[in-house]
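I open this notebook to record, entry by entry, what I looked up in the structure below. I keep each entry to one topic and give the cut-offs as I go.

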Amino acid sequence: MNYLIAVLPDRMQAEAAYCALEKEGLPMKQVSILGRGYKTADEFGLIDPNQQAKKQAKLMAIWLIPFGFVAGVTFSLMTELKTFAWAGEIGDHLIGGVLGAIAGGMGSVFVGGAGGMAFGSGDALPYRNRLNAGKFLIAVKGTDDLTGKAANILQQFEPENIQGYTET
């Protein structure tokens with residue numbers, strides 16, 4: 001399945017482009033307008049970068065927190081520092097493990113969350129930003145021929161950006 005997304009500056013141009021696509025006989029169930037008063041980014045299915053960041057942070061936490069605990073206990077055993085001597089020998093090592101687990105959790109939030117935010121959204125974030133700025137998107141979903149025909153029609157409206165995507 002292929003997608004074509006065109007960014008138009010205002011509602012009037014978006015509606016004119018939609019009408020031109022309809023006039024040329026494109027199946028309108030495969031054409032969407034995104035923007036104020038029409039579909040939202042979530043309704044269309046653009047990935048929310050915040051959700052991707054949370055998902056990535058949780059995924060990293062699954063292995064970083066236990067790894068941090070083991071690393072904390074190992075460090076405490078190897079160095080024999082007795083940092084928390086008041087807790088006894090076993091308590092000292094367990095507190096070291098808990099501190100290591102906390103460090104692993106922080107790593108999953110900072111590294112996993114930032115990575116999910118930066119790399120997990122693809123082109124969805126720029127499109128969301130354009131929608132937030134009051135612009136409109138025309139999205140066409142279909143075969144190569146359909147998206148090619150739509151691209152030719154949409155070019156006459158001089159969109160700010162027009163981009164095709166192939167779903168893998």
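This is a predicted model: local features need pLDDT of at least 70, side-chain atom pairs count only at pLDDT 80 or more; totals for chains, interfaces and linings use all residues.

**Entry 1: a serine in a helix**

Residues are numbered from 1 along each chain as its sequence is written, and side-chain values use heavy atoms, with hydrogens and water left out.

Why does S76 count as buried? I have it as buried because its relative accessibility is 9%, the classes being buried under 20% relative accessible area, exposed over 50% and partly exposed in between (1.4 Å probe, protein chains only). Leaving aside residues up to four places away in sequence, S76 touches L81, D92 and H93, with contact meaning heavy atoms within 4.5 Å.

A53 also has its place in helix α3, and I list A53 as buried because its relative accessible area is 10%. I also checked a distance from A53: its C-alpha atom and that of K82, 29 residues apart along the chain, are separated by 38 Å.

**Entry 2: the sheet**

In which order do the four strands of the open sheet come? I read the order as β2-β3-β1-β4, with antiparallel pairing, and two strands pair if DSSP finds at least two bridges between them. The edge strands are β2 (31-34) and β4 (161-166), each of which pairs on one side only. Direction ignored, neighbouring strands of this sheet are turned by 15 degrees against each other on average; axes here are lines fitted to C-alpha atoms, for helices over the stretch in contact, and angles run from 0 to 180 degrees between N-to-C directions.

I then went through the pairs. Strand β1 (residues 2-8) and β4 pair in the antiparallel sense over six bridges; on this side Y3 has Y165 of β4 as its bridge partner, and V7 stands opposite N161 in β4. β1 and β3 pair in the antiparallel sense over seven bridges, with N2 opposite G142 in β3 and L8 opposite F136 in β3. For β2 and β3 I noted antiparallel pairing over four bridges, where L34 stands opposite L137 in β3.

**Entry 3: burial in the strands**

How many residues of β1 are buried? I found seven of its seven, so β1 is mostly covered under the cut-off of 20%. In a regular strand the side chains alternate between the two faces of the sheet. In β1, N2, L4, A6 and L8 point one way and Y3, I5 and V7 the other way, and all are buried. β3 is mostly covered as well, with six of its seven residues buried. Helix α1 (residues 11-23) lies across β1, β2 and β3 (136-142), running at about 25 degrees to β3.

I33 lies in strand β2 and counts as buried because its relative accessibility is 7%. Not counting residues up to four places away in sequence, I33 touches A14, E15, Y18, Y38, K39, F136, L137 and I138.

**Entry 4: two positive phi angles**

Most residues other than glycine have a negative phi, and I noted two exceptions. E80 has a positive phi of about 50 degrees although it is not a glycine; its place is in the loop between α3 and α4 (88-119), and E80 is exposed because its relative accessible area is 57%. E158, likewise not a glycine, has a positive phi of about 45 degrees; its place is in the loop between α6 (144-155) and β4, and E158 counts as exposed at 67% relative accessibility.

**Entry 5: a pocket**

Which residues line the second largest pocket? I listed G35, R36, K39, T40, A41, R128, L131, N132 and K135. The largest share of this lining, three residues, comes from helix α5 (residues 124-132).

Note on methods
On a 1 Å grid over the protein atoms alone, a cavity is a set of points where a 1.4 Å probe fits but cannot get out, and a pocket is an open set with protein on both sides within 12 Å along at least five of seven lines; lining residues have an atom within 4 Å of a point.
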